[in-house]
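The following note sets out several points on the packing of helices and strands. Please keep the structure in view while reading each point.

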Amino acid sequence: MYRIPLPLPTDGLRAVNVYAIETRSGLVLVDGGWAIQESQKQLEAALRTIDYKVTDITRFLVTHVHRDHYTQASVIGRQVGAHVSLGVGEKPTLDLIRGGWTAPDPQAAQLSRAGASTLAEQWAALTELEQPDRTHWGYPDAWLNGDRTLDVGDRALVAVSTPGHTQGHYVFADLASNLLFAGDHVLPAITPSIGFEAAPGPNPLGDFLNSLAKVRALPDLILLPAHGAVTVSSHARVDELAAHHDHRLQLCLEAVDAGAVTAHAVANELPWTRHRRRLADLDTFNATLATLETFAHLELLVAREQVIHEEVEGVLHYQKMSTNP
């Protein structure tokens, strides 16, 4: 098994890790990278160092639909006839991307509901200049649905449905080899974005925390993440992520209690990144991620009956649940 870092052109992250598994019939890749020329050239060069070619790829197991994981798998899959699998929860997002959508952009609409109208306009202007190439977003050959065991050469990979980062996210556990191909569900140094997709579920943070619990219930595995270094303990990192979100939920609750009414107002009260930056200091992309993540935290607090929300002229307003009898 080989780890192949591939370049990312505009994201804050430098690389996405693609994992190549040898079988008697060729290579199976977990994730595919971003469909850009530099990435395919680097993939081809990396495969040459282990005496393989792109045409030796027979199968892609894609953890989720984000472009740095899916689009190159979709393109190369068509080029060489490799079989592509993707979680069925990604179909609504793929339907929107392939069919196009009318204004407003889905993320812009969410930002408006979060009380971030100016940011919504900035996001819409940004994405107008960067429309997706729909030829990079073909449907997979197979949809993964539920938890199941996949035969990958001599390995048995347990495909575990882990919605939250996206609705169709999967991780793949090789229990015999003590390995977890974790995609973006469990990352060693950063926290995955929550619900950043064209068609998010109603409670993505709740889904994510439930998915963390599923992975925690597996044996403690070596973490093979999509971004960052290989890490020895999946359990340790899952525990850190769960504690992080518990802390962020408490901060959101305190901000609402102090008078922040919308998700955008709450996000303005929270520190962001390890450098504890303010929301106003973030660029449009990262401010969007921050606001939508705050929205997800608040909606989980609603589901837990710790806050209530009310829609006022298209914007969700929050207040702390009364403790009076």
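1. Helices H5 and H9 cross in the left-handed sense; a crossing bears that name if the near helix is turned anticlockwise from the far one by less than a right angle, and is right-handed if clockwise. The axes of H5 and H9 (residues 284-303) come within 10 Å and cross at roughly 130°. H5 is therefore oblique to H9, given that angles under 35 degrees count as roughly parallel, over 145 as roughly antiparallel, 65 to 115 as roughly perpendicular and the rest as oblique. Axes here are lines fitted to C-alpha atoms, for helices over the stretch in contact, and angles run from 0 to 180 degrees between N-to-C directions. Helices (H or I, at least four residues) and strands (E, at least two) are DSSP runs, numbered from the N terminus.

2. Which residues make the contact of H5 with H9? From H5 come Leu119, Gln122, Trp123 and Leu126, and from H9 come Thr284, Phe285, Ala287, Thr288 and Thr291; contact means heavy atoms within 4.5 Å. By class, five of these residues are nonpolar, four are polar and none is charged. In this scheme Ala, Val, Leu, Ile, Met, Phe, Trp, Tyr, Cys and Pro count as nonpolar, Asp, Glu, Lys and Arg as charged, and the others, Gly among them, as polar.

3. The model is predicted: local features need pLDDT of at least 70, side-chain atom pairs count only at pLDDT 80 or more, and totals for chains, interfaces and linings use all residues. Residues are numbered from 1 along each chain as its sequence is written, and side-chain values use heavy atoms, with hydrogens and water left out.

4. Helix H6 (residues 204-217) packs against helix H7 (residues 234-257) at an angle of about 155°, the axes being 10 Å apart. H6 and H7 are therefore roughly antiparallel to each other, and H6 passes H7 in a left-handed crossing. H6 contributes Leu205, Phe208, Leu209, Leu212, Val215 and Arg216 to the contact, while H7 contributes His235, Val238, Asp239, Leu241, Ala242, His245 and Leu249. Nine residues of this contact of H6 with H7 are nonpolar, two are polar and two are charged.

5. H1 and H2 have axes that come within 11 Å and cross at roughly 65°, and H1 passes H2 in a right-handed crossing. Ser39, Gln40 and Leu43 in H1 meet Gln72, Ile76 and Gln79 in H2. The contact of H1 with H2 has two nonpolar, four polar and no charged residues.

6. Six strands form an open sheet in the order E1-E2-E3-E4-E5-E6, with mixed pairing; two strands pair if DSSP finds at least two bridges between them. Strand E1 (2-7) and strand E6 (142-144) are the edge strands, each pairing on one side only. From one strand to the next the twist averages 25°. Strand E2 (residues 15-23) pairs with strand E3 (residues 26-30) in the antiparallel sense over five bridges, and Ala20 stands opposite Leu29 in E3. Helix H1 (residues 37-49) packs on this sheet and touches E1, E3 and strand E4 (57-61), its direction making about 155° with that of E1.

7. Another open sheet has five strands in the order E7-E8-E9-E10-E11, also with mixed pairing. Strand E7 (148-152) and strand E11 (222-225) stand at the edges with a single partner strand each, so one side of each is left without a neighbour in the sheet. Strand E9 (residues 170-174) and strand E10 (residues 179-183) run antiparallel and are joined by three bridges. Phe172 stands opposite Phe181 in E10.
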